[in-house]
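Subject: Structure for you to look at

Hello,

Here is the structure I promised you. Please open it and keep it on screen while you read my notes.

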Amino acid sequence: VTTTLSTVIADEVVAACSPWSAILRTGQSLQIVDLHGNQAVDTLFYAVDGDTVDPAGRYSAQATVAAQKNIFLTTGSVLRAADGRPLVTIVADEVGNHDTIAGACSKESNTLRYGHHTVHQHACAENFLAEAAKWGMGKRDIVSNVNFFMNVPVEADGTLGIVDGRSAPGKSLTVRAETDTLVLVSNCPQINNPCNGFDPTPVRMVITSA
Amino acid sequence: MTTASTDGARSHARSQAGGATMRIPTLPGGVDDTRLVWSESVPADSYASRVLGRGARLRFADPEGGACAHLLLFRADASWERLNIADTMKVPWQAYLGVGHPLLSDQGRVLATVVADTSGHHDMLCGLPPAGRQKMLLAAIKHGMDSRDVAPSATLFKGVRVEDSGALTYAGSAGAGTAVELLIHLPVVVAVVNTAHPLDPHPAVTALDIVAWRAPEQLTTPVNDEPEYLRALFNTEATWVASVSSESIWAAAQSSEALK
């Protein structure tokens, strides 16, 4: 019997409404803990060479969904780049049905969804742009993301929408890096729909070695 | 005909077009020929791109039943603003494309609206297969862009449906002879690749026909009256009117006044 002791490399709390990023080296795992429950964690993945982002290794929601023939992400889902390359695999999940079709909130789309009075509220697109800039990326590098702990059913006639979440305080999800991967996160600040229970809260990020 | 000399090679080259046949899509009945701005047939596994002005009406047709049009749209004057597939599903609360559906940019504006559709078999969930993505990359590069601009795309004429479990069912084509028409609200780069749907178990792609014509009068009537759509139109019109030359608006106002 062989026992492998994993080593905690980072254990950080991302404040409500804030961005976060880190590089996972191949084989390392990231556990995302929904500390207070029903907190959408908008996430993008980019393959990196050292600390340099490979623009062709960007997460593709469409390649991921087409490969697994299912819109929901859960244990066993392989999150892929557009060329099909695996970036990370979900290896543990206490919630299920994570979204990857509904994208991130933005000030601009908030004006359509809720009205122009919301245009100066904080939004995930702002977090993504600010955090991506730290890695030399710009607006063109931002694409449809994963929304961990966000619930977006599609009904028979195609109606879809963000509804009450399936998560609860302390529930978590873990991904394992299949290649060196930058993880870009917006801890969602949306207050106009149930994706954060109308009350954005902190989440915990734990990176462990293989 | 010898091609050993430049003279012979030139004659050989120039003789080719006269004997060739090519498919040239025609405008739908009732549209004046002088309004035509684009006519092109895209064979299987090829691509096309064009800059279209505001007020163009763009028609994709599937004459043989095997077309599969993977579509991207970019603001022609600001290509970093582009079709946003997530917002295009989320904002109208609808995953499936159909008449009245806006194709939204990431900046809360309507790049195009679906104004006619006899297919009903479309998909925004699966995107391009890797080989098709290379074709889309070539289209992007020709407009000064690169791989970062090859964002999630919409697919026309090949459908997918979502089960309650989230599982996807490939719904294929609606058959030969269908068409989809878009009204263009802002100047855009249209990039389209006619290649297999990634879930198609037996891909046999056939020609995609494209025509576009000037239809600016159609911009004056909202295509649907849902609040999200009307606010997107407001954002679009506000951006357009702020960006165009004040002199051109003033001149147009003067000439319409003169007509009264």
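Start with one pair of side chains. B:D146 and A:R140 meet in a salt bridge, with 3.4 Å from N to O. Please remember that this is a predicted model.

The rule finds three salt bridges across the interface of chain A and chain B.

Which elements of chain A supply the side that touches chain B? β5 (52-58), α1 (61-68) and α2 (107-113) of chain A each give at least two residues. α2(A) gives the most, with five residues. Sorted by class, this side of chain A has 19 nonpolar, 12 polar and 10 charged residues.

Now the whole interface. The contact takes 41 residues from chain A and 46 residues from chain B. The size of an interface is often given as the accessible area lost when the parts come together. Here, the area buried between chain A and chain B is about 3,500 Å². Carbon and sulfur atoms give 55% of that area. Three residues stand out on chain A: A:Q62, A:L112 and A:R140. They supply 24% of the area that chain A buries against chain B, more than any other three residues.

Next, turn to chain B and find a hairpin. β10(B) and β11(B) form it, with five residues between them. Strand β10 covers residues 159-162 of chain B, and strand β11 covers residues 168-172. The two strands run antiparallel, and four bridges join them. In one of these strands, β11(B), B:L168 is the bridge partner of B:V162. Look at the turn as well: B:G166 has a positive phi of about 95 degrees there.

Last, check some backbone angles in chain A. Most residues other than glycine have a negative phi. Two residues go the other way.

- A:C17 has a positive phi, near 75 degrees. A:C17 lies in the loop between β1 (8-14) and β2 (19-24) of chain A.
- A:F198 is not a glycine either, yet its phi is positive, about 60 degrees. A:F198 sits in the loop between β10 (181-187) and β11 (203-208) of chain A.

How accessible is A:C17? A:C17 has 26% relative accessibility, so it counts as partly exposed. A:F198 counts as partly exposed because its relative accessibility is 48%.

Best wishes

Methods: Residues are numbered from 1 along each chain as its sequence is written. Chains are lettered from A and ligands numbered from 1 in the order in which they are written. This is a predicted model: local features need pLDDT of at least 70, side-chain atom pairs count only at pLDDT 80 or more; totals for chains, interfaces and linings use all residues. Side-chain values use heavy atoms; hydrogens and water are left out. Contact means heavy atoms within 4.5 Å. Buried area is the accessible area (1.4 Å probe) that two parts lose on being put together, summed over both. A salt bridge is a side-chain nitrogen of Lys or Arg within 4 Å of a carboxyl oxygen of Asp or Glu. Ala, Val, Leu, Ile, Met, Phe, Trp, Tyr, Cys and Pro count as nonpolar, Asp, Glu, Lys and Arg as charged, and the others, Gly among them, as polar. Two strands pair if DSSP finds at least two bridges between them. Buried means under 20% relative accessible area, exposed over 50%, partly exposed in between (1.4 Å probe, protein chains only).
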